[in-house]
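Subject: Structure handover

Hello,

Here is the structure you are taking over. My notes on it follow below.

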Amino acid sequence: MASRAVPVTPVKKVGSLFDELTEIERQLSGRAFELFKNRGWLLGHNLADWLQAERELLWRPCAELTETDDALRASFAMAGIAAKDVKVQVEPDRVTVRAATSHEHRKEEGGLHFCEFHQGSLYRSIRLPAAVVPEKAKAELREGFLTVTLPKAKEPAGKKIPIEG
């Protein structure tokens, strides 16, 4: 299977991520409220409704973060998702992966017993243990795995300051 490059967007304005998270929270709140209403306004199931809304609306892919002397490497399990549908954003201290997922049942004879394919939004954000250079990040989707290579930022050299007195 050929690998596909995935565009990486260096983020300079942190507020854009906050706006996205606010929108996700709004969607989750709306779905949790629908579940509460459908339950007949029965109190005491707030957490269950919220967690059900998360399961329905968000897919959090498995991830792995490794580190070498000069780079961090984040890998995400993303089987069945095309590179063109994936958005990767990199900040100096965070990498965020998003995609819209969909699944349609095949039109075949016979009935469907169950389906575990997810439909909705994929979202995963990882705080990085070291500062990276967002403009030099690269991402590749190959055989169902997205690998984001994040070159580390050079640490500023320390400077000795003489103490007067």
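The largest pocket has a volume of about 250 Å³. A pocket here is an open set of points on a 1 Å grid over the protein atoms alone, where a 1.4 Å probe fits, with protein on both sides within 12 Å along at least five of seven lines. Points are joined across faces, edges and corners, and the volume is the space filled by probe spheres set on them. Of its 15 lining residues (an atom within 4 Å of a point), I24, R98, A99, S121 and L122 are closest to the centre. α1 (15–38), β7 (94–101) and β8 (120–127) each give two or more residues to the lining, and α1 gives the most, five. Helices (H or I, at least four residues) and strands (E, at least two) are DSSP runs, numbered from the N terminus.

This is a predicted model: local features need pLDDT of at least 70, side-chain atom pairs count only at pLDDT 80 or more, and totals for chains, interfaces and linings use all residues. Residues are numbered from 1 along each chain as its sequence is written, and side-chain values use heavy atoms, with hydrogens and water left out.

There is also an open sheet of five strands, in the order β1-β9-β10-β5-β4, with antiparallel pairing (at least two DSSP bridges between two strands). β1 (4–6) and β4 (63–67) are at the edges with a single partner strand each, so one side of each has no neighbour in the sheet. Five bridges join β4 to the antiparallel β5 (71–77), and L65 has A74 in β5 as its bridge partner.

Regards
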